[in-house]
2 protein chains.
Amino acid sequence: MARLPVYLRALNSLLEADIRTCSSEELASAAGVNSAKLRKDLSYLGSYGTRGVGYDVEYLRYQISREIGLTQDWPVVIVGIGNLGHALANYSGFSSRGFRTVALLDADSSRTGELVAGLKIRGFGELSAIVHEHGVAIGVIATPAAAAQSVCDQMVAAGISSILNFAPTVLTVPDGVDVRMVDLSSELQILAYHEQRKAAATAAADDGVVA
Amino acid sequence: MARLPVYLRALNSLLEADIRTCSSEELASAAGVNSAKLRKDLSYLGSYGTRGVGYDVEYLRYQISREIGLTQDWPVVIVGIGNLGHALANYSGFSSRGFRTVALLDADSSRTGELVAGLKIRGFGELSAIVHEHGVAIGVIATPAAAAQSVCDQMVAAGISSILNFAPTVLTVPDGVDVRMVDLSSELQILAYHEQRKAAATAAADDGVVA
DNA sequence: TTCGGTTTGTTCCCACGTTCACAAACTCTT
DNA sequence: AAGAGTTTGTGAACGTGGGAACAAACCGAA
C-alpha cells in the first residue's frame, strides 16, 4: 500500500513526542486518513493492535518498517546530476530512511570527478559495473526528458528493477520492472485546474444565480 | 482529472514530430493508458474528435490547455530555498508551462538578497505583500518538515488557495484550499516495498514449491 | 467474577473508476 | 450513391477501494 510510509512518518512523530501507545483514531488523524481505512490497512499486515487499548507505537513502527523493507539497506544510483539530481543527492530524507546513494552518474563527461554530497560524479558508462558491485536494485532518473528512456533501458539491462523517474516522459519497461513517476509540472497543472474551477465557481456566485 | 497533463505532454510530443492527427489508440499508448479510458476522459471535456478520423492534435492540445487553465498566467511563490527550492526555482518545466515564479522566500535572513535563478531571495515576512501584489494563488513549500505547517498557515492567511508541498508532513488546511503532496522518500519506500516482494517471490521460487 | 467502557478486526454495502463492447458517424473507394 | 472500413462516444458489466456499522476482545472497577 502507498499509505504505509505516511503511517510510518506519523508513528515516528508520535515516538518523538514520547507517546508509546495510540488508538487508530489518533494515528489516523495524524496521517490524515479515515480511521476505518487505517485499521483495514494495518490488519492487512497482521494483527498488531490490542482491542480496548490501541497500538504499541514502537512495535507497530517496526512491523511497518519490516513490511516495507526498511530493515535492510537499499543502495541507490542517481543518474543526471543537474539541479534536481543535485538536490536529490543532498536530500537527507533518503539517507535517513535506509536508502544509501552509492553513485552519482552523468553523461556529461566534463562533470566527471566533481564532488557532490560527498560523492564524485562518475560517467554513465560505469552504470553496469556499479550496479553489480553494490547490488543496486533502485535507480533514480533526473535527466532531461529526451535522455530518460535510453537511461531507463540501460538501467534495466544492468539489472535495476525499480525506477524513480523525475523526467517528464512516460517510460516503457518490461514486465517485472516497477516505475514510479514524479512529475513536478503535472502537480502544478493539477493545482491550476482546481484553482481555475474555484475561480469560475466564485465568479458565478458573484454574478448571482438569478440568471 | 489528474491524467490531463499527461495527455497534454503526449500531444506536445506528437506536435514536435509534426503529427497533425492521431487516433485515441496512438495517443493512449503515448500516454501509457488504455484507449477507452482516454476516450472517456476526453469526452468528459466535450466532443473534440471526429469519428473515423481521430483527433486534431493542435486543437485538442488547445482544448486541454484551456480546461486545465494553462491559457492564463499563474504566478507562483516558492518558500524554502534549500537544495530542493533551489532546484525548483531553476526548473524549466515550470516556466515553460504558464507558471511564473514571482518570488523566492526564505526564513533565513542571512540569505536575503542572494540571487537564485535570476530572482533575489526575499524574507518570508514579505509573503502577504507579494501575494497581494501579484495575485498569487499557488504556493510551493520546500521547507523542512518542522516549518511546513506554519508556512502553510501563513500562505492561507495571505490568500493562497493551492499549495504544492514537498515537506514530509501532512498539512491541515481549511476547506477550499487544495494541497498536493510530493513526498520523495515515500516514493522510494514504495519502490522498496515492491522490490522486497519481488525478492521474496524469487526466493520462494528458488526454494521450489515442493514444500 | 462480572459488568461497563473502549478499541480493534471484519463484514457488508455503496460509489467510483476501469474496461469491454457496440452503435453512431465519418471517409474513401468503387 | 452506396458500401466497406475506421474511429469516436457511450452504455453496461466488472472489479476495486472506501466508509459505516457491528461483533469480538481487552482493561479496569466493583
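In what order do the seven strands of the open sheet in chain B stand, and what is the sense of their pairing? The order is E6-E7-E5-E4-E8-E9-E10, and the pairing is mixed, where helices (H or I, at least four residues) and strands (E, at least two) are DSSP runs numbered from the N terminus. This is a predicted model, in which local features need pLDDT of at least 70, side-chain atom pairs count only at pLDDT 80 or more, and totals for chains, interfaces and linings use all residues. Residues are numbered from 1 along each chain as its sequence is written, while chains are lettered from A and ligands numbered from 1 in the order in which they are written.

**The two protein chains**

- Chain B can be laid on chain A with an RMSD of 0.1 Å by a turn of 180° and a shift of 0.0 Å along the axis, the superposition being made by least squares on the C-alpha atoms of residues with pLDDT of at least 70 in both copies.
- That is the relation of a two-fold axis.
- The residue of chain B that comes closest to the rotation axis is B:Ala87, with its C-alpha at 3.2 Å.
- In the interface, 45 residues of chain B are in contact with 45 residues of chain A, and two residues count as in contact if their C-beta atoms, placed from the backbone, lie within 7 Å.
- The largest share of the side of chain B that touches chain A comes from H9(B), with 14 residues.
- By class, this side of chain B has 25 nonpolar, 13 polar and seven charged residues, where Ala, Val, Leu, Ile, Met, Phe, Trp, Tyr, Cys and Pro count as nonpolar, Asp, Glu, Lys and Arg as charged, and the others, Gly among them, as polar.
- Because 100% of the interface residues of chain B are also interface residues in chain A, the copies meet through the same surface.

**The surfaces near the DNA**

- Around DNA strand C there are 24 residues, of which A:Gly49, A:Arg51, A:Gly52, B:Asn34 and B:Gly52 are the closest; a residue is near a molecule or strand if its C-beta atom, placed from the backbone, lies within 6 Å of it.
- The elements that give two or more residues to the surface near DNA strand C are helix H2 (24–31), H3 and strand E3 (54–56) of chain A together with H3 of chain B.
- H3(A) provides the largest share of that surface, five residues, and by class the surface near DNA strand C has seven nonpolar, 10 polar and seven charged residues.
- Around DNA strand D there are 23 residues, and those that come nearest are A:Asn34, A:Gly52, B:Gly49, B:Arg51 and B:Gly52.
- For DNA strand D, H3(B) gives the most to the surface, with five residues, and the classes there are seven nonpolar, 10 polar and six charged residues.

**Helix H1 of chain B**

- At 1.5 Å a residue, the 13 residues of helix H1 (residues 4–16) of chain B should span 18 Å, which agrees with the 18 Å between its end C-alpha atoms; the expected span is 1.5 Å times one less than the number of residues.
- Its buried residues include B:Leu4, B:Tyr7, B:Leu11 and B:Leu14, and a residue is buried if 20 or more other C-beta atoms lie within 10 Å of its own, exposed if 12 or fewer, and partly exposed in between, with C-beta atoms placed from the backbone.
- The buried residues of H1(B) pack against helix H9 (184–207) of chain A together with strand E1 (21–22), H2 and helix H4 (57–68) of chain B.
- Just after H1(B), B:Asp18 takes a positive phi of about 60°.

**Strands and their partners**

- E6(B) and strand E7 (residues 119–123) of chain B pair in the antiparallel sense over two bridges, where two strands pair if DSSP finds at least two bridges between them.
- The bridge partner of B:Leu115 in E7(B) is B:Lys120.
- In chain A, strand E4 (residues 74–79) and E8(A) pair in the parallel sense over four bridges, and A:Val76 stands opposite A:Ile138 in E8(A).
- E8(A) is also joined by four bridges to strand E9 (residues 162–165) of chain A, and these two run parallel, with A:Ser162 in E9(A) as the bridge partner of A:Ile138.
- From strand E8 (residues 138–141) of chain A, A:Ile138 and A:Val140 point one way and A:Gly139 and A:Ile141 the other way, and all are buried.
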